[in-house]
Each structure stands twice: as structure tokens, then as C-alpha cells.
Amino acid sequence: MKKTQLALSIIAVAVMSGCSSINSKYVASPADTQSFLGNKPAVLQPFFKTLYEDGERNAVLNDDRLSLAAIENKNYDIAVHALDDAITRIDAVYSDNAAAEAARSKFNEEKVKDFKGESYERAMTYYYRGLLYLRAGEYDNARASFLGASLQDKFSEDQTYNQDFAVMDYLAGWSSMCMGDQSAAADHLRRAASINPSLVPLTTNPPSHLVIVETGYAPQKVRLGKYKEILKFTDNAANTDTTPHLFLGDTEIGNPLLGSDLLYQATTRGGRIVDSINAGKAEFKEGAETAASVGKVLAIGGGAMALAGNQVGGYVGSAGLLINLVSSGVAAATTPEADARTWEGLPKQIYFVNTQAPTDPTQLTIKLSKGNIPVSFPIQAQSGSCGFSWTHTPSVLQLIPATQLIPADTDDDRGPKNQAYRGQLKTQF
């Protein structure tokens with residue numbers, strides 16, 4: 001028997017135990033990370049750390065996490081930079097044009113792909129950018145951002161649906177009102193009320209000062225199925241009661257109206273219940289794994305025959321090895337496991353309060369089922385005849401993300417790109 005055949009047969013047994021690992025050559029060193037964090041606000045350093053260490057695969061997710069924490073901490077410039085980067089990356093795949101549609105058709109790997117988020121998460125990226133435009137008094141740009149958020153609500157991985165994110169339509173209308181475009185304001189406010197009739201009081205008589213209160217915890221993502229290929233959205237167990245009752249001292253003020261519920265947005269597409277998403281590759285992967293298993297049996301059996309001196313075993317083992325390697329490679333490249341990465345800092349619900357700005361914000365409390373919660377308004381803005389206040393409870397500053405490196409992040413393709421990305425971060429922030 002040829003030595004090559006025997007060697008292949010022996011290798012066939014050995015390759016079954018191989019595995020991937022993190023290539024430390026492309027991992028950010030502790031000293032490099034610490035240098036990057038040196039001039040960052042202390043409370044935001046954990047968010048910057050994850051942004052820096054994770055690299056491009058989680059850039060949008062970590063930009064989003066950082067932006068919301070920065071808004072809460074009143075580091076508005078940081079939030080703007082993070083959101084602008086996230087939106088640029090989202091637009092490359094999820095814009096309403098032919099180039100983006102072509103990109104979506106190729107954007108089909110799951111946990112190893114760059115995070116862009118589910119439709120409600122992408123919409124919220126534009127929403128927070130719109131709030132910062134409102135804060136700056138740029139009502140035209142704010143309106144464009146809210147309309148961009150509404151557009152993201154229609155895109156799933158490879159299909160489009162009707163847009164039904166009422167908060168975005170309402171804020172587009174309110175921005176139009178504040179910039180003096182009454183015709184556009186009426187159109188957007190009318191659409192918001194048609195999606196969510198509870199907003200009618202705020203659309204028939206829009207307030208000059210709008211109070212926005214975000215409460216609760218983001219929808220959770222759960223993976224189901226044999227290969228964890230099904231993504232399901234569930235309510236956070238902590239969301240026992242997220243309806244806010246606002247008090248100034250002992251006096252209840254305003255009438256909170258629910259604008260949108262993010263669990264509803266996650267579990268519907270254009271009003272149609274779609275509370276789970278299938279990655280769509282499990283059946284193909286199962287077939288590839290079956291073929292790989294057959295090849296493995298042939299390779300091990302043939303190898304054993306060859307070691308015992310049977311010349312035929314060498315050919316059997318070599319053929320089995322080839323089948324196993326090809327089929328294993330196909331199976332490994334087929335990644336049906338659903339992407340459960342989550343922007344956990346998002347609220348469950350967004351409320352509008354039809355009231356004037358509180359004269360003494362330090363005396364304002366929000367009553368939930370958990371009791372009175374003192375709140376501050378990280379954004380309080382006035383430009384022209386309009387103003388708004390924004391708050392988010394519970395705080396996101398305690399939701400410190402962890403680095404999520406996987407072998408693909410440090411291979412010879414992705415690794416150098418991540419190093420270049422870290423160089424860009426040093427100039428961006």
C-alpha cells in the first residue's frame with residue numbers, strides 16, 4: 001500500500017478533533033485598550049472598552065450601546081459620533097435603493113456577520129439621532145431621521161413590510177410643526193393617529209412642549225430549534241408595569257399616552273404577527289452533517305483497515321476523509337444559528353406626556369408598580385416655539401456589555417480589518 005494512502009487514513013482519524021481558536025495576534029492588548037480609554041468619561045469607559053475590543057463585527061451594536069449611555073450622561077457629542085457611525089453602516093445594507101437591496105441578498109450569515117440589528121433596533125438608532133437633532137433645534141434633520149426610522153421598520157432580512165412605528169410618524173409630524181411646515185405636520189400626525197388611535201389627543205392639538213418618557217426593558221431574544229436557528233422575541237420578566245405616572249411634588253401632571261411598544265414592534269411586521277424568525281439554513285446543514293458523518297465512518301474504518309495491513313482500507317479511508325472534509329466544510333460554513341445579539345438598553349415602551357416642562361425637575365418622580373422613581377431629564381431643549389424633555393428609566397449605565405470575540409474576529413481576513421478599525425476609533429472619539 002502506498003505510504004500516502006496510509007498517511008491520509010491516519011490523518012482522517014486525527015482531523016475529527018480539530019477546532020478553531022482565538023488568534024491573539026489580532027486581539028487588542030490591555031495596554032492599547034487602556035491608552036484608548038485614557039481621555040474618555042469614566043462612566044462611559046466600559047462601553048468604549050467593548051467598542052474598541054470587539055472590532056467591526058459588533059460596531060453598530062456597541063455604537064448603539066455607547067450612544068444611549070452617552071445621552072444619559074449628557075455627553076451629546078459622543079452620542080452623535082456613535083450614532084452617525086452606526087447609521088452609516090446600517091445604510092450600507094438597509095437603505096431603500098438597489099445597491100442596498102443587492103447587499104441584503106448577500107448578507108445571510110448569522111452570528112459571524114456584522115451586527116445591524118432587527119428592524120426595531122435599527123429604527124431606534126435613527127430615533128435617538130433624531131432626538132439629538134431636536135435638541136440642537138435642527139427640525140428638518142430631526143424629521144429626516146424619524147422618517148428614516150420609520151423606513152427601517154419595513155425592512156427585514158430579505159423582505160419588506162408596511163411601516164407601523166407610530167412614534168416615528170408622530171415625531172416627524174411634531175418636527176414639521178416646529179419648523180412651520182403645517183401641511184407635512186398634518187400628514188404625519190394623521191398617519192401616526194391611524195396607526196395608534198391613542199395618540200389622537202396629541203395629534204389634534206400637538207403640544208408646544210413634548211415630554212418623552214421611555215420605560216421598561218428591551219425585548220429579549222431567544223434561540224429555538226435543533227440548530228438554534230429560530231429567533232423568538234419575548235418580554236422581559238422585569239416588565240411587570242411600565243406605565244408611568246408623573247408627579248411634580250404630590251400633584252400628578254400630564255396624561256401619559258403610549259406611543260409605541262417595542263415588544264410589539266419586534267413581534268410584528270407591518271401589523272402581522274411574526275414573533276419568530278427562521279434563519280432558513282437548518283435543513284441544508286443537516287444534510288451536510290449527515291454526509292460528513294458517513295465520510296467520518298468510512299475514514300475511521302478505512303484507517304483501521306490500513307493500519308491492519310489491508311490495502312483496500314487505504315483507499316476507503318482516503319475517500320472517506322475527502323467526503324468528510326468537504327461535507328464538514330459545507331456544514332461549518334452553513335450557520336443557521338440565529339443572531340441573538342441584543343441592544344439591551346432599549347426601553348419596552350415610549351410614552352408622550354402632554355404637559356409643559358416641569359418648573360423644578362428635581363421634584364419630578366415617576367410612579368410605577370415598583371414605587372416612586374426620582375428621575376432627571378438628560379435632554380431638556382427649547383428652540384423657537386417648541387421644546388421637549390426626554391428621560392429613560394431604568395438607567396442603561398449599569399448595563400455594561402462584555403467583549404464578544406469569536407475566532408472569525410481574529411483570523412487573517414477579519415483581524416487586520418479590526419486593527420484598522422481600532423485606528424479609526426482613535427481619531428473618531
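We can begin with the second largest cavity, which holds about 40 Å³ of space. Bear in mind that you are looking at a predicted model. Around this cavity you will find G216, Y217, E344, G345, L346, H392, P394, S395, V396 and L399. Sorted by class, its lining has 5 nonpolar, 4 polar and 1 charged residues.

How many cavities of 30 Å³ or more does a search of the whole structure find? The search finds 2. The largest cavity has a volume of about 50 Å³, and its lining is made up of F47, R65, L68, W343, E344, G345, V396 and L399. By class, 5 of these lining residues are nonpolar, 1 is polar and 2 are charged.

Now turn to the packed side chains. The largest nonpolar core has 79 residues, and Y127 and Y128 touch the most other members. Helix α7, residues 119-135, gives the most to this core, with 10 residues. Another core lies apart from it, with 11 residues, including L246, Y351, V353 and L368.

Finally, take a look at Y128 itself. Leaving aside residues up to four places away in sequence, Y128 touches L68, I71, L83, E214, W343, L346, P347, W390 and H392.

Notes: Residues are numbered from 1 along each chain as its sequence is written. This is a predicted model: local features need pLDDT of at least 70, side-chain atom pairs count only at pLDDT 80 or more; totals for chains, interfaces and linings use all residues. Side-chain values use heavy atoms; hydrogens and water are left out. On a 1 Å grid over the protein atoms alone, a cavity is a set of points where a 1.4 Å probe fits but cannot get out, and a pocket is an open set with protein on both sides within 12 Å along at least five of seven lines; lining residues have an atom within 4 Å of a point. Grid points are joined across faces, edges and corners, and a volume is the space filled by probe spheres set on the points. Ala, Val, Leu, Ile, Met, Phe, Trp, Tyr, Cys and Pro count as nonpolar, Asp, Glu, Lys and Arg as charged, and the others, Gly among them, as polar. A nonpolar core is a set of buried Ala, Val, Leu, Ile, Met, Phe, Trp, Tyr and Cys residues joined through side-chain atoms within 4.5 Å. Buried means under 20% relative accessible area, exposed over 50%, partly exposed in between (1.4 Å probe, protein chains only). Helices (H or I, at least four residues) and strands (E, at least two) are DSSP runs, numbered from the N terminus. Contact means heavy atoms within 4.5 Å.
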